[in-house]
Amino acid sequence: MGRQQGWFALILALTIASGALLSNYGLQLGLDLRGGSQLTLQVMPAGAITRVDTEQLEAVKDVLERRINGLGVAESTLQAVGNDQLVLQLPGEQDPSQAARVLGSTALLEFRAQKPGTEEEMRGLLALKRQAESVLRAKRPPSSSDAPTAPPPPEAPTLSPEDLTKALTSLGISVPAGSSEVDQIELLLRETNRRLLGLYGPPLITGKDLTSAGRQQQATGTGWEVTLGFNREGGEKFASLTQSIAGTGRVLGIVLDGRSISEASVGEQFKLAGITGGSASITGNFSAEEARDLEVQLRGGSLPLPVKIVEVRTVGPSLGAENIRSSLVAGLSGLVLVAVFMAVVYRLPGIVAVVALSLYALFNLAIYALIPVTLTLPGIAGFILSVGIAVDANVLIFERIKEELRGGNTLIRSIDTGFSLAFSSIFDGHATGLISCGALFFLGTGLVKGFAVTLAIGLLLSLFTALTCTRTLLRLLMSYPALRRPTYFLPARQLPPAKSGAAQAGLA
(Lines give C-alpha, C1' and ligand atoms only; values in the text may rest on other atoms or scores of the structure.)
Protein backbone atom coordinates (compact mmCIF):
# COMPACT_ATOMS: atom_id res chain seq x y z
CA MET A 1 0.00 0.00 0.00
CA GLY A 2 2.85 2.38 0.80
CA ARG A 3 4.31 1.86 -2.64
CA GLN A 4 0.97 2.65 -4.29
CA GLN A 5 0.64 5.80 -2.21
CA GLY A 6 4.10 6.88 -3.36
CA TRP A 7 3.13 6.40 -7.01
CA PHE A 8 -0.12 8.28 -6.40
CA ALA A 9 1.79 11.21 -4.85
CA LEU A 10 4.09 11.29 -7.90
CA ILE A 11 1.14 11.30 -10.30
CA LEU A 12 -0.54 14.08 -8.30
CA ALA A 13 2.67 16.16 -8.34
CA LEU A 14 3.06 15.66 -12.11
CA THR A 15 -0.55 16.73 -12.64
CA ILE A 16 -0.07 19.95 -10.68
CA ALA A 17 3.25 20.68 -12.42
CA SER A 18 1.72 20.05 -15.86
CA GLY A 19 -1.16 22.39 -15.16
CA ALA A 20 1.28 25.09 -13.99
CA LEU A 21 3.43 24.66 -17.11
CA LEU A 22 0.47 25.03 -19.45
CA SER A 23 -0.86 28.07 -17.62
CA ASN A 24 2.53 29.84 -17.59
CA TYR A 25 3.99 28.92 -20.98
CA GLY A 26 1.09 27.88 -23.18
CA LEU A 27 1.41 26.07 -26.49
CA GLN A 28 3.33 27.31 -29.50
CA LEU A 29 1.16 27.15 -32.59
CA GLY A 30 2.55 26.59 -36.04
CA LEU A 31 1.89 28.49 -39.23
CA ASP A 32 -1.20 26.47 -40.18
CA LEU A 33 -2.84 27.07 -36.78
CA ARG A 34 -1.76 30.60 -35.93
CA GLY A 35 -1.46 32.14 -39.37
CA GLY A 36 1.66 33.87 -40.62
CA SER A 37 4.04 33.77 -43.56
CA GLN A 38 6.14 31.16 -45.30
CA LEU A 39 9.12 32.00 -47.51
CA THR A 40 10.75 29.54 -49.88
CA LEU A 41 14.41 30.43 -50.49
CA GLN A 42 16.43 29.13 -53.43
CA VAL A 43 20.20 28.91 -52.85
CA MET A 44 21.94 29.94 -56.06
CA PRO A 45 25.38 28.73 -57.23
CA ALA A 46 27.98 31.45 -57.72
CA GLY A 47 31.58 31.78 -58.82
CA ALA A 48 33.42 28.49 -58.99
CA ILE A 49 30.48 26.69 -57.38
CA THR A 50 28.25 25.34 -60.15
CA ARG A 51 26.08 23.07 -58.01
CA VAL A 52 24.78 23.49 -54.46
CA ASP A 53 25.43 20.49 -52.23
CA THR A 54 24.26 19.61 -48.71
CA GLU A 55 27.30 21.11 -46.98
CA GLN A 56 26.87 24.48 -48.71
CA LEU A 57 23.13 24.45 -47.99
CA GLU A 58 23.84 23.94 -44.28
CA ALA A 59 26.34 26.82 -44.31
CA VAL A 60 23.71 29.15 -45.79
CA LYS A 61 21.16 27.87 -43.28
CA ASP A 62 23.47 28.66 -40.33
CA VAL A 63 23.88 32.28 -41.47
CA LEU A 64 20.14 32.71 -42.07
CA GLU A 65 19.31 31.28 -38.64
CA ARG A 66 21.56 33.85 -36.99
CA ARG A 67 19.83 36.61 -38.94
CA ILE A 68 16.37 35.30 -38.00
CA ASN A 69 17.36 35.27 -34.34
CA GLY A 70 18.55 38.86 -34.72
CA LEU A 71 15.19 39.86 -36.19
CA GLY A 72 13.51 38.65 -33.00
CA VAL A 73 10.78 36.68 -34.81
CA ALA A 74 9.50 34.21 -32.22
CA GLU A 75 8.84 30.54 -32.97
CA SER A 76 10.21 30.72 -36.50
CA THR A 77 11.43 27.54 -38.21
CA LEU A 78 13.95 27.18 -41.05
CA GLN A 79 14.15 23.81 -42.74
CA ALA A 80 16.07 22.42 -45.70
CA VAL A 81 14.07 21.04 -48.61
CA GLY A 82 16.05 19.01 -51.10
CA ASN A 83 19.60 20.08 -51.91
CA ASP A 84 19.13 23.74 -52.75
CA GLN A 85 16.02 25.13 -51.04
CA LEU A 86 15.10 26.37 -47.57
CA VAL A 87 11.62 26.95 -46.19
CA LEU A 88 11.19 29.63 -43.52
CA GLN A 89 7.98 29.75 -41.49
CA LEU A 90 7.14 32.88 -39.50
CA PRO A 91 4.03 32.18 -37.38
CA GLY A 92 2.05 35.32 -36.61
CA GLU A 93 3.97 37.42 -39.15
CA GLN A 94 1.55 38.78 -41.76
CA ASP A 95 4.05 41.11 -43.46
CA PRO A 96 7.22 39.18 -44.38
CA SER A 97 8.73 42.01 -46.44
CA GLN A 98 11.30 43.02 -43.81
CA ALA A 99 12.43 39.43 -43.23
CA ALA A 100 12.65 38.89 -46.98
CA ARG A 101 14.79 42.00 -47.38
CA VAL A 102 17.19 41.06 -44.59
CA LEU A 103 17.46 37.39 -45.51
CA GLY A 104 17.78 37.86 -49.24
CA SER A 105 20.80 40.19 -49.19
CA THR A 106 24.32 38.80 -49.17
CA ALA A 107 25.66 41.26 -46.51
CA LEU A 108 29.21 41.36 -47.89
CA LEU A 109 30.84 44.26 -46.05
CA GLU A 110 33.99 45.89 -47.44
CA PHE A 111 36.17 48.86 -46.46
CA ARG A 112 37.84 50.54 -49.43
CA ALA A 113 40.13 53.56 -49.75
CA GLN A 114 39.52 56.17 -52.45
CA LYS A 115 42.02 56.17 -55.31
CA PRO A 116 44.38 59.17 -55.55
CA GLY A 117 43.52 61.80 -58.15
CA THR A 118 39.75 61.25 -58.01
CA GLU A 119 38.89 63.92 -55.45
CA GLU A 120 36.98 66.25 -57.77
CA GLU A 121 34.89 63.49 -59.36
CA MET A 122 34.19 62.01 -55.92
CA ARG A 123 32.88 65.33 -54.57
CA GLY A 124 30.47 65.75 -57.49
CA LEU A 125 29.14 62.19 -57.25
CA LEU A 126 28.71 62.35 -53.47
CA ALA A 127 26.80 65.64 -53.69
CA LEU A 128 24.52 64.18 -56.36
CA LYS A 129 24.02 60.97 -54.36
CA ARG A 130 23.09 62.76 -51.14
CA GLN A 131 20.69 65.09 -52.89
CA ALA A 132 18.96 62.19 -54.66
CA GLU A 133 18.77 60.16 -51.40
CA SER A 134 17.23 63.10 -49.55
CA VAL A 135 14.57 63.64 -52.22
CA LEU A 136 13.79 59.93 -52.39
CA ARG A 137 13.51 59.67 -48.60
CA ALA A 138 11.13 62.63 -48.52
CA LYS A 139 8.88 61.08 -51.16
CA ARG A 140 8.59 57.73 -49.36
CA PRO A 141 6.33 57.24 -46.30
CA PRO A 142 8.18 57.22 -42.97
CA SER A 143 8.89 53.85 -41.35
CA SER A 144 6.96 52.86 -38.25
CA SER A 145 10.30 52.09 -36.59
CA ASP A 146 11.45 55.70 -36.81
CA ALA A 147 11.00 57.97 -33.82
CA PRO A 148 7.54 59.54 -34.08
CA THR A 149 8.73 62.60 -32.20
CA ALA A 150 11.49 63.41 -34.68
CA PRO A 151 10.96 66.96 -35.98
CA PRO A 152 10.39 67.27 -39.71
CA PRO A 153 13.08 68.97 -41.78
CA PRO A 154 12.59 72.72 -42.05
CA GLU A 155 12.27 72.46 -45.81
CA ALA A 156 11.73 69.34 -47.90
CA PRO A 157 14.61 68.72 -50.33
CA THR A 158 13.81 69.14 -53.98
CA LEU A 159 15.27 68.16 -57.29
CA SER A 160 13.65 70.04 -60.15
CA PRO A 161 12.75 68.14 -63.32
CA GLU A 162 15.32 70.19 -65.23
CA ASP A 163 18.11 69.36 -62.76
CA LEU A 164 17.08 65.70 -62.73
CA THR A 165 17.14 65.51 -66.53
CA LYS A 166 20.49 67.28 -66.61
CA ALA A 167 21.98 64.87 -64.06
CA LEU A 168 20.68 61.82 -65.94
CA THR A 169 22.07 63.14 -69.22
CA SER A 170 25.47 63.94 -67.71
CA LEU A 171 25.78 60.36 -66.49
CA GLY A 172 24.61 58.93 -69.79
CA ILE A 173 21.45 57.32 -68.37
CA SER A 174 18.63 56.55 -70.77
CA VAL A 175 15.24 56.73 -69.06
CA PRO A 176 12.56 54.22 -70.18
CA ALA A 177 9.35 55.77 -71.43
CA GLY A 178 6.68 56.26 -68.77
CA SER A 179 9.13 56.23 -65.84
CA SER A 180 7.95 58.14 -62.79
CA GLU A 181 10.08 60.67 -60.93
CA VAL A 182 10.89 58.12 -58.24
CA ASP A 183 11.97 55.58 -60.88
CA GLN A 184 14.27 58.18 -62.46
CA ILE A 185 15.84 59.07 -59.11
CA GLU A 186 16.45 55.38 -58.38
CA LEU A 187 18.13 55.02 -61.79
CA LEU A 188 20.27 58.02 -60.94
CA LEU A 189 21.27 56.51 -57.59
CA ARG A 190 22.22 53.16 -59.12
CA GLU A 191 24.44 54.78 -61.75
CA THR A 192 25.97 57.13 -59.18
CA ASN A 193 26.78 54.18 -56.94
CA ARG A 194 28.31 52.25 -59.85
CA ARG A 195 30.59 55.15 -60.63
CA LEU A 196 31.49 55.63 -56.97
CA LEU A 197 32.69 52.04 -56.74
CA GLY A 198 35.04 52.70 -59.64
CA LEU A 199 36.75 55.42 -57.61
CA TYR A 200 37.68 53.03 -54.78
CA GLY A 201 40.61 50.68 -54.57
CA PRO A 202 40.32 46.96 -53.75
CA PRO A 203 38.73 45.93 -50.42
CA LEU A 204 41.27 45.93 -47.59
CA ILE A 205 38.92 44.91 -44.76
CA THR A 206 35.82 42.68 -45.01
CA GLY A 207 33.04 41.47 -42.73
CA LYS A 208 35.19 38.47 -41.78
CA ASP A 209 37.27 40.83 -39.64
CA LEU A 210 34.23 41.80 -37.50
CA THR A 211 33.51 40.46 -34.03
CA SER A 212 30.41 42.51 -33.19
CA ALA A 213 27.86 44.92 -34.60
CA GLY A 214 25.34 47.19 -32.87
CA ARG A 215 23.33 50.33 -33.44
CA GLN A 216 22.74 53.60 -31.62
CA GLN A 217 21.14 56.95 -32.27
CA GLN A 218 23.53 59.68 -33.31
CA ALA A 219 24.42 62.23 -30.66
CA THR A 220 23.53 65.04 -33.05
CA GLY A 221 20.50 64.76 -35.30
CA THR A 222 17.79 62.13 -35.49
CA GLY A 223 19.62 59.57 -37.63
CA TRP A 224 21.03 56.25 -36.50
CA GLU A 225 24.50 54.75 -36.85
CA VAL A 226 25.83 51.20 -36.81
CA THR A 227 28.78 50.44 -34.53
CA LEU A 228 31.40 47.84 -35.43
CA GLY A 229 33.98 45.91 -33.46
CA PHE A 230 37.00 44.32 -35.17
CA ASN A 231 39.17 41.38 -34.18
CA ARG A 232 42.85 41.99 -33.52
CA GLU A 233 43.89 41.57 -37.15
CA GLY A 234 40.95 43.65 -38.36
CA GLY A 235 41.78 46.42 -35.90
CA GLU A 236 45.36 46.57 -37.21
CA LYS A 237 44.12 46.67 -40.81
CA PHE A 238 41.67 49.46 -39.97
CA ALA A 239 44.38 51.53 -38.28
CA SER A 240 46.68 51.07 -41.29
CA LEU A 241 43.91 51.91 -43.77
CA THR A 242 42.83 55.09 -41.99
CA GLN A 243 46.46 56.16 -41.58
CA SER A 244 47.01 55.91 -45.35
CA ILE A 245 44.23 58.40 -46.20
CA ALA A 246 44.37 60.65 -43.11
CA GLY A 247 44.61 64.33 -44.11
CA THR A 248 44.68 63.59 -47.85
CA GLY A 249 41.10 64.64 -48.60
CA ARG A 250 40.31 61.16 -49.84
CA VAL A 251 37.46 59.20 -48.20
CA LEU A 252 37.05 55.77 -46.73
CA GLY A 253 34.21 53.96 -48.49
CA ILE A 254 32.08 51.41 -46.65
CA VAL A 255 30.54 49.10 -49.25
CA LEU A 256 27.75 46.58 -48.56
CA ASP A 257 26.80 44.11 -51.29
CA GLY A 258 28.38 46.29 -53.97
CA ARG A 259 26.68 49.50 -52.79
CA SER A 260 28.48 52.37 -51.09
CA ILE A 261 26.47 52.99 -47.92
CA SER A 262 28.80 55.45 -46.18
CA GLU A 263 31.80 57.64 -47.04
CA ALA A 264 33.97 58.95 -44.25
CA SER A 265 36.88 61.38 -44.26
CA VAL A 266 39.81 60.85 -41.87
CA GLY A 267 41.32 63.89 -40.17
CA GLU A 268 45.01 64.78 -40.25
CA GLN A 269 45.33 64.02 -36.52
CA PHE A 270 45.27 60.29 -37.37
CA LYS A 271 48.20 60.55 -39.79
CA LEU A 272 50.72 59.06 -37.37
CA ALA A 273 48.91 55.92 -36.19
CA GLY A 274 45.48 55.88 -37.85
CA ILE A 275 42.27 55.18 -35.94
CA THR A 276 43.10 52.60 -33.28
CA GLY A 277 40.99 50.80 -30.70
CA GLY A 278 39.48 48.16 -32.97
CA SER A 279 36.10 49.85 -33.40
CA ALA A 280 34.32 52.08 -35.90
CA SER A 281 30.85 53.36 -36.74
CA ILE A 282 28.92 53.62 -39.99
CA THR A 283 26.96 56.83 -40.37
CA GLY A 284 24.72 56.99 -43.40
CA ASN A 285 21.69 58.89 -42.10
CA PHE A 286 20.02 55.55 -41.44
CA SER A 287 16.49 55.25 -40.10
CA ALA A 288 15.96 53.05 -37.03
CA GLU A 289 14.72 50.20 -39.20
CA GLU A 290 17.59 50.48 -41.69
CA ALA A 291 20.17 50.50 -38.88
CA ARG A 292 18.54 47.46 -37.28
CA ASP A 293 18.47 45.52 -40.55
CA LEU A 294 22.13 46.33 -41.21
CA GLU A 295 23.07 45.28 -37.68
CA VAL A 296 21.24 41.94 -38.12
CA GLN A 297 22.95 41.29 -41.46
CA LEU A 298 26.43 42.05 -40.15
CA ARG A 299 25.98 40.08 -36.93
CA GLY A 300 24.65 37.10 -38.88
CA GLY A 301 27.57 37.22 -41.30
CA SER A 302 27.70 37.22 -45.06
CA LEU A 303 26.02 34.48 -47.01
CA PRO A 304 28.45 32.01 -48.60
CA LEU A 305 26.08 31.80 -51.59
CA PRO A 306 23.34 34.17 -52.76
CA VAL A 307 19.71 33.26 -52.09
CA LYS A 308 16.61 34.07 -54.09
CA ILE A 309 13.11 34.23 -52.63
CA VAL A 310 11.01 32.14 -55.01
CA GLU A 311 7.74 32.02 -53.08
CA VAL A 312 6.01 33.96 -50.31
CA ARG A 313 2.83 32.45 -48.88
CA THR A 314 0.67 34.08 -46.23
CA VAL A 315 -1.84 32.23 -44.06
CA GLY A 316 -4.44 34.50 -42.50
CA PRO A 317 -5.22 34.27 -38.78
CA SER A 318 -8.86 33.47 -39.57
CA LEU A 319 -7.82 30.30 -41.41
CA GLY A 320 -5.57 29.37 -38.51
CA ALA A 321 -8.44 29.86 -36.04
CA GLU A 322 -10.68 27.70 -38.21
CA ASN A 323 -8.03 24.96 -38.26
CA ILE A 324 -7.79 25.07 -34.47
CA ARG A 325 -11.57 24.92 -34.13
CA SER A 326 -11.88 21.96 -36.48
CA SER A 327 -9.00 20.14 -34.79
CA LEU A 328 -10.51 20.65 -31.33
CA VAL A 329 -13.91 19.39 -32.47
CA ALA A 330 -12.35 16.32 -34.09
CA GLY A 331 -10.06 15.58 -31.15
CA LEU A 332 -12.71 16.07 -28.43
CA SER A 333 -15.28 14.07 -30.37
CA GLY A 334 -12.84 11.19 -30.69
CA LEU A 335 -11.95 11.34 -27.00
CA VAL A 336 -15.62 11.38 -25.93
CA LEU A 337 -16.42 8.37 -28.12
CA VAL A 338 -13.42 6.49 -26.75
CA ALA A 339 -14.45 7.34 -23.18
CA VAL A 340 -18.00 6.08 -23.77
CA PHE A 341 -16.69 2.88 -25.37
CA MET A 342 -14.25 2.17 -22.52
CA ALA A 343 -16.85 2.81 -19.81
CA VAL A 344 -19.49 0.61 -21.47
CA VAL A 345 -17.24 -2.31 -22.43
CA TYR A 346 -14.80 -2.40 -19.50
CA ARG A 347 -16.91 -0.89 -16.70
CA LEU A 348 -14.85 0.29 -13.70
CA PRO A 349 -11.45 -0.28 -15.37
CA GLY A 350 -12.76 1.62 -18.39
CA ILE A 351 -13.58 4.64 -16.21
CA VAL A 352 -10.09 4.41 -14.68
CA ALA A 353 -8.65 4.29 -18.20
CA VAL A 354 -10.54 7.48 -19.11
CA VAL A 355 -9.01 9.24 -16.10
CA ALA A 356 -5.56 7.91 -17.05
CA LEU A 357 -6.04 9.10 -20.64
CA SER A 358 -6.99 12.55 -19.38
CA LEU A 359 -3.76 12.61 -17.38
CA TYR A 360 -1.91 11.40 -20.46
CA ALA A 361 -3.31 14.27 -22.54
CA LEU A 362 -2.37 16.78 -19.81
CA PHE A 363 1.20 15.43 -19.51
CA ASN A 364 1.56 15.37 -23.28
CA LEU A 365 0.53 18.99 -23.75
CA ALA A 366 2.76 20.06 -20.85
CA ILE A 367 5.79 18.48 -22.56
CA TYR A 368 4.85 20.28 -25.79
CA ALA A 369 4.95 23.57 -23.85
CA LEU A 370 8.19 22.68 -22.05
CA ILE A 371 10.38 21.59 -25.00
CA PRO A 372 8.74 23.56 -26.75
CA VAL A 373 7.05 21.78 -29.66
CA THR A 374 5.51 23.97 -32.34
CA LEU A 375 2.07 22.44 -32.74
CA THR A 376 0.83 22.00 -36.32
CA LEU A 377 -2.07 20.13 -37.90
CA PRO A 378 0.10 17.03 -38.50
CA GLY A 379 1.30 17.38 -34.91
CA ILE A 380 -2.30 17.32 -33.68
CA ALA A 381 -2.85 14.23 -35.82
CA GLY A 382 0.14 12.59 -34.13
CA PHE A 383 -1.24 13.55 -30.72
CA ILE A 384 -4.68 12.07 -31.44
CA LEU A 385 -3.11 8.91 -32.88
CA SER A 386 -0.99 8.51 -29.75
CA VAL A 387 -4.18 8.74 -27.67
CA GLY A 388 -5.54 5.82 -29.66
CA ILE A 389 -2.34 3.85 -29.02
CA ALA A 390 -2.59 4.63 -25.32
CA VAL A 391 -6.15 3.24 -25.38
CA ASP A 392 -4.86 0.08 -27.06
CA ALA A 393 -2.48 -0.49 -24.16
CA ASN A 394 -5.35 -0.27 -21.68
CA VAL A 395 -7.45 -2.62 -23.81
CA LEU A 396 -4.68 -5.24 -23.78
CA ILE A 397 -4.38 -4.99 -19.99
CA PHE A 398 -8.12 -5.17 -19.32
CA GLU A 399 -8.61 -8.14 -21.65
CA ARG A 400 -5.88 -9.99 -19.78
CA ILE A 401 -7.59 -9.16 -16.47
CA LYS A 402 -10.90 -10.47 -17.82
CA GLU A 403 -9.22 -13.69 -18.96
CA GLU A 404 -7.80 -14.23 -15.48
CA LEU A 405 -11.20 -13.63 -13.89
CA ARG A 406 -12.87 -16.08 -16.29
CA GLY A 407 -10.21 -18.64 -15.32
CA GLY A 408 -11.23 -18.41 -11.68
CA ASN A 409 -8.38 -16.27 -10.34
CA THR A 410 -8.97 -13.77 -7.53
CA LEU A 411 -9.60 -10.11 -8.39
CA ILE A 412 -6.34 -8.66 -7.01
CA ARG A 413 -4.25 -11.42 -8.58
CA SER A 414 -6.11 -10.99 -11.85
CA ILE A 415 -5.20 -7.30 -11.90
CA ASP A 416 -1.51 -7.96 -11.14
CA THR A 417 -1.30 -10.83 -13.63
CA GLY A 418 -3.11 -8.86 -16.31
CA PHE A 419 -0.56 -6.04 -16.12
CA SER A 420 2.37 -8.49 -16.10
CA LEU A 421 1.16 -10.55 -19.07
CA ALA A 422 0.27 -7.50 -21.17
CA PHE A 423 3.59 -5.77 -20.60
CA SER A 424 5.58 -7.53 -23.33
CA SER A 425 2.91 -6.91 -25.98
CA ILE A 426 2.56 -3.27 -24.99
CA PHE A 427 6.33 -2.74 -24.97
CA ASP A 428 6.83 -4.38 -28.36
CA GLY A 429 4.04 -2.31 -29.92
CA HIS A 430 5.47 0.93 -28.58
CA ALA A 431 9.02 0.00 -29.60
CA THR A 432 7.99 -0.59 -33.22
CA GLY A 433 6.08 2.70 -33.18
CA LEU A 434 9.18 4.54 -31.93
CA ILE A 435 11.26 2.99 -34.71
CA SER A 436 8.76 4.33 -37.25
CA CYS A 437 8.96 7.77 -35.60
CA GLY A 438 12.74 7.72 -35.88
CA ALA A 439 12.55 6.89 -39.58
CA LEU A 440 10.02 9.68 -40.19
CA PHE A 441 12.09 12.22 -38.27
CA PHE A 442 15.49 11.52 -39.85
CA LEU A 443 14.26 10.85 -43.38
CA GLY A 444 11.28 13.21 -43.54
CA THR A 445 11.21 16.98 -43.85
CA GLY A 446 9.06 19.87 -42.70
CA LEU A 447 5.72 19.02 -41.13
CA VAL A 448 6.45 15.26 -41.26
CA LYS A 449 9.09 15.80 -38.58
CA GLY A 450 6.53 17.54 -36.38
CA PHE A 451 4.23 14.54 -36.73
CA ALA A 452 7.10 12.19 -35.78
CA VAL A 453 8.07 14.21 -32.69
CA THR A 454 4.55 14.49 -31.29
CA LEU A 455 3.85 10.80 -31.94
CA ALA A 456 7.11 9.72 -30.27
CA ILE A 457 6.39 11.82 -27.18
CA GLY A 458 2.92 10.32 -27.04
CA LEU A 459 4.22 6.76 -27.29
CA LEU A 460 6.65 7.24 -24.41
CA LEU A 461 4.00 8.86 -22.25
CA SER A 462 1.43 6.18 -23.04
CA LEU A 463 3.80 3.57 -21.61
CA PHE A 464 3.97 5.56 -18.38
CA THR A 465 0.25 6.21 -18.07
CA ALA A 466 -0.86 2.69 -19.04
CA LEU A 467 1.59 0.81 -16.83
CA THR A 468 1.80 3.29 -13.94
CA CYS A 469 -1.17 5.67 -13.77
CA THR A 470 -3.83 3.09 -14.68
CA ARG A 471 -2.35 0.49 -12.35
CA THR A 472 -1.94 2.92 -9.44
CA LEU A 473 -5.49 4.27 -9.75
CA LEU A 474 -6.96 0.80 -10.11
CA ARG A 475 -5.12 -0.56 -7.07
CA LEU A 476 -6.12 2.54 -5.09
CA LEU A 477 -9.79 1.88 -5.86
CA MET A 478 -9.37 -1.74 -4.81
CA SER A 479 -8.50 -0.54 -1.31
CA TYR A 480 -12.22 0.28 -0.90
CA PRO A 481 -14.25 -2.91 -0.20
CA ALA A 482 -17.38 -1.51 -1.86
CA LEU A 483 -15.55 -1.36 -5.21
CA ARG A 484 -13.88 -4.76 -4.88
CA ARG A 485 -16.47 -6.63 -6.88
CA PRO A 486 -15.77 -8.81 -9.93
CA THR A 487 -19.05 -7.66 -11.53
CA TYR A 488 -17.50 -4.19 -11.86
CA PHE A 489 -14.99 -5.80 -14.21
CA LEU A 490 -16.98 -8.55 -15.91
CA PRO A 491 -20.67 -9.37 -16.44
CA ALA A 492 -21.97 -11.89 -13.88
CA ARG A 493 -22.79 -14.44 -16.60
CA GLN A 494 -19.10 -14.60 -17.58
CA LEU A 495 -17.84 -15.30 -14.05
CA PRO A 496 -17.05 -18.96 -13.22
CA PRO A 497 -19.80 -20.35 -10.93
CA ALA A 498 -17.44 -22.60 -9.00
CA LYS A 499 -15.78 -19.77 -7.08
CA SER A 500 -17.41 -18.06 -4.13
CA GLY A 501 -17.99 -14.36 -4.02
CA ALA A 502 -15.43 -13.96 -1.26
CA ALA A 503 -12.77 -15.74 -3.29
CA GLN A 504 -13.69 -13.74 -6.39
CA ALA A 505 -13.30 -10.52 -4.47
CA GLY A 506 -9.77 -11.49 -3.53
CA LEU A 507 -10.61 -11.91 0.13
CA ALA A 508 -9.99 -15.62 0.40
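Reader: How many residues of strand E2 (residues 36-43) are buried?
Author: Eight of its eight residues are buried, so strand E2 is mostly covered. Buried means under 20% relative accessible area, exposed over 50% and partly exposed in between, with a 1.4 Å probe and protein chains only. Strands (E, at least two residues) and helices (H or I, at least four) are DSSP runs, numbered from the N terminus.

Reader: Where do these numbers come from?
Author: This is a predicted model: local features need pLDDT of at least 70, side-chain atom pairs count only at pLDDT 80 or more, and totals for chains, interfaces and linings use all residues. Residues are numbered from 1 along each chain as its sequence is written, and side-chain values use heavy atoms, with hydrogens and water left out.

Reader: Which residues of E2 are on which side?
Author: Gly-36, Gln-38, Thr-40 and Gln-42 are on one side, and Ser-37, Leu-39, Leu-41 and Val-43 are on the other. Both faces are covered. In a regular strand the side chains alternate between the two faces of the sheet.

Reader: What sheet is E2 in, and in what order are the strands?
Author: An open sheet of four strands, ordered E3-E4-E2-E12, with antiparallel pairing. Two strands pair if DSSP finds at least two bridges between them.

Reader: Changing topic. Which strands form the sheet with E5 in it?
Author: Its order is E6-E5-E9-E10; this sheet is open and its pairing is antiparallel. Strand E5 (residues 109-113) is joined to E6 by two bridges, and Phe-111 has Ile-205 in E6 as its bridge partner.

Reader: Which strands does helix H5 touch there?
Author: Helix H5 (residues 119-139) packs on the sheet and touches strand E9 (251-256) and E10. Contact means heavy atoms within 4.5 Å. The direction of H5 makes about 120 degrees with that of E10. Axes are lines fitted to C-alpha atoms, for helices over the stretch in contact, and angles run from 0 to 180 degrees between N-to-C directions.
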